[in-house]
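Subject: Structure handover

Hi,

Here is the structure for you to look over. My notes follow below it.

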Amino acid sequence: MSNVSSFVKRFRDIMRNDPGINGDAQRIEQIAWMLFLKVYDTKEQDWELSEDSFSSIIPEPCRWRNWAADAAGCAMTGDDLLDFVDGTLFPTLRTLPVDASTPIRQAVVQATFEDVHNYMKDGVLLRQVLNVIDELDLSDYQESHAFADIYESILRELQSAGSSGEFYTPRAVTDFIAQMIQPRLGEQMADFACGTGGFITSWLKALLPQVQTTDDMEAYSRSICGIEKKQFPYTLCITNLLLHGLDIPRVHHANSLSRDLLDYTDKDCVDVILMNPPYGGSEKDDIKQHFPADLASSETADLFMAVIMHRLRDGGRAAVVLPDGFLFGTDNAKVALKTRLLRDFNLHTIIRLPGSVFAPYTSITTNILFFDKTGPTRQTWFYRLDMPADRKHFSKTKPMELRHFDPVVEWWNNRTPIQEDGFDKSRAYSAQEFVDLGYNLDLCGFPHKAEEVLDPQDLILRYQEQRASLNARIDKVLAELTAMLKGDNA
């Protein structure tokens, strides 16, 4: 077990000396593909024992046990190892024969290596890293379970690894949402921008206590559907699910926004959607063409909201993390989205999250929207979750913890209005009040926003959102004035 506990430090110490590794982001990407092959090889050992007809999709020379494992101390190293990895391993795995009939658990190998790179330039150091990884005995249940926790710490480091942080949602947030959404065995849950699989693994953790029989386990393993556009988080997600015992990780390497919105049918719908859509980015014009004109936003999170509303089954439930810009935005696309959300869905709860939940990746303030497809919205409860007394802000070393959601959990089933220092902390608003407010849902917010200090990039994003909202309001007033003047002239 000591090998497991010191894993991250040993890996980092070795890779600091390699001239090909430039920063934490590349270091984590490097570990991702090696861990995947180690974990996958362990899974294949299980399948070989339980299935007489099992045959690996990976050619023998490229299976982990035959090139990476060094039980006898005579495995490839130095230039020979680099030549094998760059000239044989990667080209072979990228071109594995995969078609529509290939089982998911085999197709994931080719998808994982579709756009992965080996950054290490020192073959001796690469051998040392491989040996550290191979020391892990993932066939041992206790050590495998312990390593799943260590893997979580690796994913958590993504938040301080530049833009890679966008792929990781703090575990406290995903666990809280899974707890509130109350998974039921037999339901299918989806995340259409699943990153490293945080929502999926939190869903599975909350669902596992209901598994009693082999049929239950089958329903459990088939209960998730993930889609991830970018190669790196896709690799991390597949490894994450294999570590969590899913032999068939139903996660696809694709862009959820690249399909025409109106092409979705009932068979594409799911019971539950849990998501933290990418925000702050913009999509190319050809992506926006997949959406009706009134929903063709330049904001990625808006486009995902449109997909979510089209793919949630009647009676289904959803919880989505969105930035403040969605709440106060009054541009055409956001108003159209919020109009549909209130008309076609029951937006029953909005939790205002404290700042720095996603720090250091972003300091933009976020919210959790809980809604279901059971009829139109009649009223929406807001609850502002303030920064806990034991934190001035969240950070890499002091992240948000599940216990910090205790006030929300306590309030959830006994909702009452709350005021603090003259400001609303919790209150219910009717759908008609939202209409009267011009679909501005920025309510029960934090009373000291003027003191908020944003990162320059977040400040630019906030300014752009507020400018777009203000321009939309001006355009609306001008249109009303123009109509009035035309009426007077008539």
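By the rule used here, the count comes to 34 salt bridges. A salt bridge is a side-chain nitrogen of Lys or Arg within 4 Å of a carboxyl oxygen of Asp or Glu. Side chains of opposite charge can pair when their charged atoms come close.

Some ground rules. This is a predicted model, in which local features need pLDDT of at least 70 and side-chain atom pairs count only at pLDDT 80 or more, while totals for chains, interfaces and linings use all residues. Residues are numbered from 1 along each chain as its sequence is written, and side-chain values use heavy atoms, with hydrogens and water left out.

Salt bridges

Arginine 105 and glutamate 51 pair through their side chains, at 2.6 Å from N to O. The pair links distant parts of the chain, 54 residues apart. Arginine 105 sits in helix α6 (residues 104–112). Glutamate 51 is in the loop between α3 (24–50) and α4 (64–67). Helices (H or I, at least four residues) and strands (E, at least two) are DSSP runs, numbered from the N terminus. Arginine 105 is buried, at 16% relative accessibility. Glutamate 51 is partly exposed, at 27%. Buried means under 20% relative accessible area, exposed over 50%, and partly exposed in between (1.4 Å probe, protein chains only).

Glutamate 60 and arginine 63 form another salt bridge, at 2.8 Å from N to O. Glutamate 60 is partly exposed at 45%, whereas arginine 63 is buried at 5%.

Arginine 384 also bridges to glutamate 420, with the closest N and O atoms 3.8 Å apart. Arginine 384 lies in strand β8 (residues 379–384) and glutamate 420 in strand β9 (residues 418–420), so the bridge ties together parts 36 residues apart in sequence. Arginine 384 is buried, with a relative accessible area of 2%. Glutamate 420 is partly exposed, at 34%.

There is also a network. Shared partners join Asp41, Glu44, Glu48, Glu60, Arg63 and Arg65 through salt bridges.

Helix packing

Helices α2 (residues 7–15) and α7 (residues 123–134) pack at about 175°, with axes 9 Å apart. Axes are lines fitted to C-alpha atoms, for helices over the stretch in contact, and angles run from 0 to 180 degrees between N-to-C directions. That makes α2 roughly antiparallel to α7 (under 35 degrees is roughly parallel, over 145 roughly antiparallel, 65 to 115 roughly perpendicular, the rest oblique). From α2, the contact uses Phe7, Arg10, Phe11, Ile14 and Met15. From α7 come Leu125, Gln128, Val129, Val132 and Ile133. Contact means heavy atoms within 4.5 Å.

Helix α12

α12 covers residues 231–243. At 1.5 Å a residue, its 13 residues should span 18 Å, and the end C-alpha atoms are 19 Å apart, which agrees. The expected span is 1.5 Å times one less than the number of residues. 13 of the 13 residues are buried, so α12 is largely enclosed by the rest of the structure. Glycine 245 follows α12, with a positive phi near 90°.

Threonine 300

Threonine 300 belongs to helix α14 (residues 300–311). Threonine 300 is buried, at 5% relative accessible area. Its C-alpha atom is separated by 7.1 Å from that of glycine 280, 20 residues apart along the chain.

Whole chain

The protein chain has 19 helices and ten strands. Of its 490 residues, 54% are buried. Among contacts with a separation of 6 or more, 76% join residues 24 or more positions apart.

Best wishes
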